[in-house]
Amino acid sequence: MYENYQFVGKDYPRKEGKARVSGKEKYPSDLSFDHMLYGRILRSPYAHARIKSIDFTEARKMGAVCISYEDAPDQFFNVRLVSIPSATYKDWTIFSDHMRQVGDFYGAVAAETEELAEKAARAVRVEWEVLPSYLTMEDAMAASENLIHEKVYLHDKEVIIRNNIACTREVVEGDIEEGFKQADVIIEETFETPRQYHCQLETKTCVVRPEPEGGITVWPTTQAVHNTRILLGKVFTIPLNKVNVVRVPGGGHFGSGIHTNPVALITTALALKANRTVKISLSREEDMYDHVRYPSKYTLKVGARRDGTLTAGHMKAYIDIGCHHVQALAFLGVMSGFWHSLYRMESMKYEGTAVYTNKVPTCAMQGYGAPQVTFGVESMMDMLAEKLGMDPIALRIQNYVGLGEIFWGQGPTIKSKIFSDGVVELIEKGAERIKYYELKKQEKGSGRYRKGIGFARGFHTSGTGAPMPGEVKDYTTAQVKVNEDGSIDILTALMDQGGGTLDAAAKIVAEEFQVSFDKVGISPADSRSTGYDVCTHATRGVYCGAGAVHEVAKETKKILFDYASRMLDTYPGSLELIYEEDTGETRISVVGNPERTATIAEVADHAMNKDWGTAIFSKSIRKTACPPAYTNYFVEVEVDTHTGHVRILRVVAGSDAGTVINPDLARGQMHGGFYRSAGMVLLENTQHDGSTGELTNKASLLDYKMMGIDEMPDEDNFEVIFASTYEPTGPLGAKGVGEAAFNSAPPAIASAICDAIGVRFTKLPISPEDILEAIGEKKL
Amino acid sequence: MNTISIELNVNGRDWQLSVAPNEMLLNVLRERLHYTGTKYGCGIGECSACTVLMDDTPVLSCQILAVQCVGKKIVTIEGLAEGQESHPMQDAFIEEGAVQCGFCTPAMVLTAAALVKEKPDPENQDIRDALRGNFCRCTGYVKILKAVQSGARKMRELS
């Protein structure tokens, strides 16, 4: 299928490459400005407390600018603006006198140096009233007073919180009682997934400069410059055309920059008070108290007939969301949707409850509900197959939601039809490459090292568009311009988090105009010079973001063809683009009349000199579908029965991304997604001390272990297969990769461990201690 | 606080500086000399994002006092190419797709270049040993391993 493309599907050095290998790329933490102040945030040492009084006398004597809950705007908001207002709970204020976690913030100081700011912060005196803290969901839900939040807002409606329950969500289709009656086999199991820390390498940072005309310029770590602009404008009552949020590359996000990081609000408050540029860069310790993946705990009950059809499913989930809403309502919704879209069920009931605790606020991290749900559902498909005496892969192929069916891309309100489906192709090719059935039959032996093979499948949505508007906003604005030398500029607020989103946009434009990749540039962007882009999240970068750029490029091309038709004295419909590989030039020619021709540069230059104008176009585009980007993993592991250590020996990954725009970067997405998921399965979790509420790892990377280069297979042992699909609604047939790279890996690894030692773990992470304990019980 | 006058050789150039006795090399490089390619990731020597070369050996600049560097040759990512357009290891990281967000990249490239200078034809295990302490949260290390092999080939061809 790629033979029809000149540039798409080929690998070129990525556009940011040179800046990034040479140290010249500027991330928010690298920025500094003249006469800039440094800020430090004042944080609670207690998990739950109220402030009785606060004394800045000593800090002020040092010359520090001080701010607290007493003099900052106190309106309620949600830091995440991806959902529509009527589906958005608001429980945040910039500062509060009510501290809800260790590390919660009640004020900030700014001074000429970071050292002086730190000294001033330490000199602030606070009188505390310590409250009972709730560090488990059970304790939190048993409480009737000293609640973590007493009242919050759903849009503008006041909501009284009871028993620390932040929100609930129920989704029902069909009649599960009848469904379970129809079942020959019913199984039920409880699954748990951990509080994984994003550990993006750059800690959350913001620089804010007040401008002479009353506005601000902001350089934040964010995945969403426009939502940051809208929130800052609203909270600080600044007209939106005076809030300029600059797109700066971030040192990793993984979901932690979908919401406006609190540091951006705090830095703005300080900068406005000081009327000086202020920078705050969190320490790693502060960053670990700032954000974490949603954990999950849910009971899943599934009924099936003897022939393998699923008659009913019931999922009851409790989510410990920590001390704030970063739109937990949306999270509960996507859990139901991702579950619903994995396998056809004749009836289903989902009950989700989000519970406040005095812990780090939870937010999106790669997969957003899909890894949590896929771990349980895929583990259960293995268990069901075993019970039915069926091949687990055959059971999946029989039941998966595929071509022509309805996919819930983002909970029950974002649904669209499936137009491309590479599931079976990927399973068959992957099984063959890794020799799945041969390995499955292999004797595990009784030695110290036991090998096992595992398989699981899943997907992520490509964006949150759908034929009908739902609870989630999704569109991108882009501008495409042809310069007078034939080069092209793309202007959009779309973010690239390292995966190659903007390279993909450039390559798609190169293909549309048949101009070489190096002639397409990505313009620097900020919120004042661009239209709204919701955010790079939900694996929407290529499908929705670059998809919007593609639609705009087609319009720009129409204008260019109009100029060319006038210049060549013909009709726009009779023109074609021809890329000349030897000269690197692109010509616009009259079909069948090759002598009637001009280069793009000549046409653009002629149009300018004739005062016809520039070939330029700008528009907001919403995708009206959200195709599933299917993935699957075959994983071979080796378990050391003496130490409990699990080694990843070999991985064969499958990705149904439609047309693969950047093959090498897409492979890199699969590698990275697998690496972070293996971390979640084998190592990563953050726990809070049950009495102090502090992180038990003391927010130190020394005690937050992640896999390193020594634990990952090399490329010979990590194969990535792409499906040969074409997504008809996508830009040149493309859909997403990003989060799908993560979602199906955890159950595949757990399934391989089960194959090796015969123990099915239902709680992640599976630590060496867990494995040793299980081995001890089984007397292996 | 008292300050000490020192001379630091960074990227082939001598700098006269007045530093506090407890000032880390990382802070001096980033804040005084504006070599921001040297990154802060944890400040406790765990992530290696702050790696620079000291007399050709990778060291963690968040764990070294500026005053300890007197008389040594410090090279940051900005100085690795030694006046050329790029160092072969930098090219290899771009070509092999080993760069995603790029925040860990300077430290990875410096450590890899130092390894290959010492050991021109490294085994995969040598690369794993050298980069064991360097965190990358994006790539899963697969492409990094490949890029270092490719960079080593390029360096051998040039030598």
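**Helix packing, core and chain contact in a predicted model**

Helix H2 of chain B, residues 88–95, is mostly covered, with 8 of its 8 residues buried. The structure described here is a predicted model. The buried residues of H2(B) are B:Pro88, B:Met89, B:Gln90, B:Asp91, B:Ala92, B:Phe93, B:Ile94 and B:Glu95. The cover over these buried residues includes elements of both chains: helix H1 (17–21) of chain A, and helices H3 (105–118) and H5 (142–158) of chain B. Just after H2(B), the backbone at B:Gly97 takes a positive phi of about 70°.

The contact between the two chains was examined next. On the chain A side 44 residues take part, and they are in contact with 42 residues of chain B. Helices H1 and H17 of chain A each supply at least two residues of the side that touches chain B. The largest share of that side, 7 residues, comes from H17(A). By class, the residues of chain A that touch chain B divide into 14 nonpolar, 17 polar and 13 charged.

Helix H17 of chain A (residues 663–682) also packs against another helix of chain A, H19 (residues 745–757). The angle between H17(A) and H19(A) is about 55°, and their axes are 9 Å apart. The crossing of H17(A) past H19(A) is right-handed. On H17(A), the contact is made by A:Gly673, A:Phe674, A:Ser677, A:Ala678, A:Met680 and A:Val681. On H19(A), the contact is made by A:Ala745, A:Pro746, A:Ile749 and A:Ala750. The contact of H17(A) with H19(A) has 8 nonpolar residues, 2 polar residues and no charged residues.

In soluble globular proteins, nonpolar side chains tend to be buried together. In the present model, the largest nonpolar core holds 305 residues. The members that touch the most other members of this core are A:Val109, A:Ala110, A:Val509, A:Val549 and A:Ile753. Helix H15 of chain A (residues 541–567) gives the largest share of the core, 13 residues. The surroundings of A:Ala110 were listed without counting residues up to four places away in sequence. On that basis, A:Ala110 touches A:Leu37, A:Tyr38, A:Gly39, A:Ala64, A:Val65, A:Ala117, A:Leu270, A:Ala274 and A:Val278.

Key: Residues are numbered from 1 along each chain as its sequence is written. Chains are lettered from A and ligands numbered from 1 in the order in which they are written. This is a predicted model: local features need pLDDT of at least 70, side-chain atom pairs count only at pLDDT 80 or more; totals for chains, interfaces and linings use all residues. Axes are lines fitted to C-alpha atoms, for helices over the stretch in contact, and angles run from 0 to 180 degrees between N-to-C directions. Helices (H or I, at least four residues) and strands (E, at least two) are DSSP runs, numbered from the N terminus. A crossing is left-handed if the near helix is turned anticlockwise from the far one by less than a right angle, and right-handed if clockwise. Two residues are in contact if their C-beta atoms, placed from the backbone, lie within 7 Å. Ala, Val, Leu, Ile, Met, Phe, Trp, Tyr, Cys and Pro count as nonpolar, Asp, Glu, Lys and Arg as charged, and the others, Gly among them, as polar. A nonpolar core is a set of buried Ala, Val, Leu, Ile, Met, Phe, Trp, Tyr and Cys residues joined through C-beta atoms within 7 Å. A residue is buried if 20 or more other C-beta atoms lie within 10 Å of its own, exposed if 12 or fewer, and partly exposed in between; C-beta atoms are placed from the backbone.
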